[in-house]
Amino acid sequence: MSKLTEKSKFIIDYFEQAMPDVQSELHYENAYQLLVATMLAAQCTDKRVNMVTPALFEAYPTPLELSKATEEEILALVKSVSYPNSKTAHLSAMSKMLVQDFGGEVPQTMEELTRLPGVGRKTANVVLAFAFGQAAMPVDTHVFRVAHRLGLVKDAPTPDAVEKQLVALFPKTYISKAHHWLLLHGRYVCTARKPKCDGCPLKKICSEPAC
């Protein structure tokens, strides 16, 4: 067993005990809601997004309703998130494409999802993993940081490179769970500033302790 495989097994064994039913901290009920919430969550907290989306989804419960809204109407509901103007424009254009090109249904492939305005690879992976149950590894700043600190990746300067190595490292059945485990570990323990190394359950396998 390689050192990397030992690390991935340690992570799986720990989190399967500590966090077996890990779920997204974004609130959503279907693929459309998850797509919208994830787009709004870029460089914004899940807590803030969860404060915004109930009214947004009540007003526009489907892509068709959203596609008929003016940008001014959408902006009024999402103005408290980060970069509200650009996100409003993306939501409007995205919903129109969903209706025109996909019959109002959220597509289930990376190629089709990333055609949508405002949808990059990370957002697409979130939708694939948690709306459609595919083995996908979204890489945000938390996953990127933790993967490097733990030494799970090597010579991986971009999120795409990290994604590729993590997908190869974890068993297929654990890829999506591993994303959530690494994300939450980075959000609450292995933080960018003042990481909580002393109480870190993964300290034993950490290649570059930050403190």
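**Salt bridges.** I counted seven salt bridges in the structure, taking a salt bridge as a side-chain nitrogen of Lys or Arg within 4 Å of a carboxyl oxygen of Asp or Glu. The model is predicted, with local features needing pLDDT of at least 70 and side-chain atom pairs counting only at pLDDT 80 or more, while totals for chains, interfaces and linings use all residues. Residues are numbered from 1 along each chain as its sequence is written, and side-chain values use heavy atoms, with hydrogens and water left out.

**D13 and K9.** I looked up this pair and found a salt bridge with N to O at 2.8 Å. D13 and K9 are four residues apart in helix α1 (residues 3-18), so about one helical turn separates them. Helices here are DSSP runs of H or I with at least four residues, strands are runs of E with at least two, and both are numbered from the N terminus. For accessibility I used under 20% relative accessible area as buried, over 50% as exposed and in between as partly exposed, with a 1.4 Å probe and protein chains only. D13 is partly exposed at 40%, and K9 is partly exposed at 41%.

**R187 and its partners.** I next checked E25, which forms a salt bridge with R187, the closest N and O atoms being 2.4 Å apart. E25 is partly exposed at 30% relative accessibility, and R187 is partly exposed at 24%.

R187 also forms a salt bridge with D46, with 3.2 Å between the closest N and O atoms. D46 belongs to helix α3 (residues 46-59) and R187 to α11, so this bridge ties together parts that are 141 residues apart in sequence. D46 is buried, with a relative accessible area of 14%. I noted that shared partners join E25, D46 and R187 into one network of salt bridges.

**V52.** I located V52 in helix α3, where V52 is buried at 4% relative accessibility. Leaving aside neighbours within four places in sequence, V52 is in contact (heavy atoms within 4.5 Å) with L40, L77, V78, S80 and V81. I also took the C-alpha to C-alpha distance from V52 to F130, which is 20 Å, for a pair 78 residues apart in sequence.

**Largest pocket.** I read a volume of about 520 Å³ for the largest pocket. On a 1 Å grid over the protein atoms alone, a pocket is an open set of points where a 1.4 Å probe fits, with protein on both sides within 12 Å along at least five of seven lines, and lining residues have an atom within 4 Å of a point. The lining has 24 residues, and A41, D46, K122, D140 and R187 lie nearest the centre. Helix α11 gives the largest share of this lining, six residues. By class I found 10 nonpolar, nine polar and five charged residues; Ala, Val, Leu, Ile, Met, Phe, Trp, Tyr, Cys and Pro count as nonpolar, Asp, Glu, Lys and Arg as charged, and the others, Gly among them, as polar.

**Second largest pocket.** I read about 220 Å³ here. The lining has 13 residues, with M39, A42, K87, G118 and T123 nearest the centre. Helices α6 (84-102) and α8 are the elements that give two or more residues to this lining.

Methods
Grid points are joined across faces, edges and corners, and a volume is the space filled by probe spheres set on the points.
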